[in-house]
Amino acid sequence: MNDDLDKAEAIAIKDGEIVEVGPERQILNKYTADKTINAEQKDVFPGIHDAHGHIMSLAKQRQNVDLRGVTSYDQMIREIEKHIAKNDQPIIQGRGWDQSLWGQESLPNHKKLSEAFPETPVALTRIDGHAMLVNEAMMEYANINDTLEIEGGVINLEKGILLDFALDYVNDQLPEPTKEDLKESIVEIQEELLAFGITHVHEAGLHREQLKLFQELADEDKLKINVYAMIFPTEENFEFAEKEGFYKNGKLSVRSFKIIVDGSLGSHGACMIEPYSDSATYGIMLRKPGEVQNVFKRVKSLGYQLNSHCIGDSANRVVLRTIDTLMKDIPDHRWRIEHAQVIHPNDFELFESSRALPSVQPTHATTDQRWAEHHIGHDRLHKGGYSYNTLRKKAGMIMFGTDFPVEDFDPFATLYAATKRKNTNNEPKEGFLPAQKVDYSVALKAMTLWASFGCFEEGQLGTLEKGKQATLTILDQPIELENDFAPNYAVLTLIDGEAVYDINLEW
Ligand SMILES: [Zn+2]
């Protein structure tokens, strides 16, 4: 993945470092080794990064019943029964049901749920996070009754349905998963990531307590995957950064903050310069411009990096202008914009002048294509939405991630979405905004070399070259797809020369 996209046949590795890359005969003649890995002509790539993901959120989510894709009320009940049989939890939480998949338009009723679980409190959040179905035991547990009123929330006692802020009222009373359960989940998730050849996750936002779990895993030598943790700009986290400076503990490193500037496009929370096309709102700016500037100044004084979540064109403009006017005096600042989903056509230039780095999620484009035009209209979508090719050209580079668990972390779905602008069902047929396709070489760099640059590791990672760490993956199938999406996975993944995932190759 170097600039010339050189290809080679063999790699010599010593003490976790690449000592030479070249023709097979040259390497075999020059070196003897304790172990020789025959890649069987399969492709070897630098370890893949997910430049924006949430291991912690996924670990939390795994404690609950996953109801995504459930096609009937009865199946939902069976999923809960299965979960209860496997987990010893006195209170059941679930997430992901969508009654439209059951062929039902109106929200469901709690009766069946209450009959199936008369003693155990159950709270099930709808896929969009804006509605919750609760059984009678949960109503009793959480004191949901006809005297309860919640501003910004709706309670339908007869149906057992809560809406919007009423969900927070219940969620605040539900038990948090234990530290041990979360750590166990993180280790499980790590195995699944390594099986895809992912060797690095840029963990996009941790509170101090959550960071501690990763620190414990590193102390216990259980963290095998590289985690580049961004921390939220809280007082506790600033204290951590002041005390620790650039923090490195085994595979865990911390030298960046993450600030959330606006909401999301799907819920009309992303902050737009003009109102939404299907709703009389501009979205929400979660931070005032002055606050954004203050966080930048504080982070800069620590020498840390700041990565700003900006989805709407207004949020992007505020941060890009802040960087362009106040924050680009450090020659190598590497300030990142996470998502950069809708950019005002006049503002693409700001990526060039400010040298802000776009960090985007190609599968968001192919997921959001169903409703994006409805929300922001044809012009804004076509001139500045999900414009990864334009962003790459203006910024000189781009990073790719998935924002899992919002999307799956399958990097091959990301490659397909970025190069074909289609989802794994090969939709839409012509590709979504196909002018924004990028070539495979760009997409691969976005997940290797440029993502390594985005976490200050390009000197050690991102290419397979002499002197770099032997962090690489051998993939089962060729990476370029002509037509339809086809799954792929790693047969061997090495981090610093150590096999962290192996499907039993002959060694
Ligand atoms: Zn995220």
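Predicted model: local features only at pLDDT ≥ 70, side-chain atom pairs only at ≥ 80, totals over all residues.
Residues are numbered from 1 along each chain as its sequence is written.

I then followed strand 14 (residues 252–260). Strands (E, at least two residues) and helices (H or I, at least four) are DSSP runs, numbered from the N terminus. I took two strands as paired if DSSP finds at least two bridges between them. Strand 14 and strand 15 (residues 305–310) are parallel, over five bridges. Strand 12 (residues 226–231) also pairs with strand 14 in the parallel sense, over five bridges. There, Val227 has Leu252 as its bridge partner.

I checked strand 13 (residues 247–249) next: it pairs with strand 14 in the antiparallel sense over three bridges. Asn249 is bridged to Leu252. Two residues lie between the strands of this hairpin, and Gly250 takes a positive phi near 60°.

I looked up burial (20 or more other C-beta atoms within 10 Å of a residue's own, C-beta atoms being placed from the backbone). In strand 14, seven of nine residues are buried.

Last, I looked at the nonpolar cores (buried Ala, Val, Leu, Ile, Met, Phe, Trp, Tyr and Cys residues joined through C-beta atoms within 7 Å). The largest has 107 residues, and Ala229 and Ala443 are among those with the most contacts inside it. A second, separate core has 25 residues, including Met76 and Met138.

Terms used:
Buried ≥ 20, exposed ≤ 12 C-beta atoms within 10 Å, placed from the backbone.
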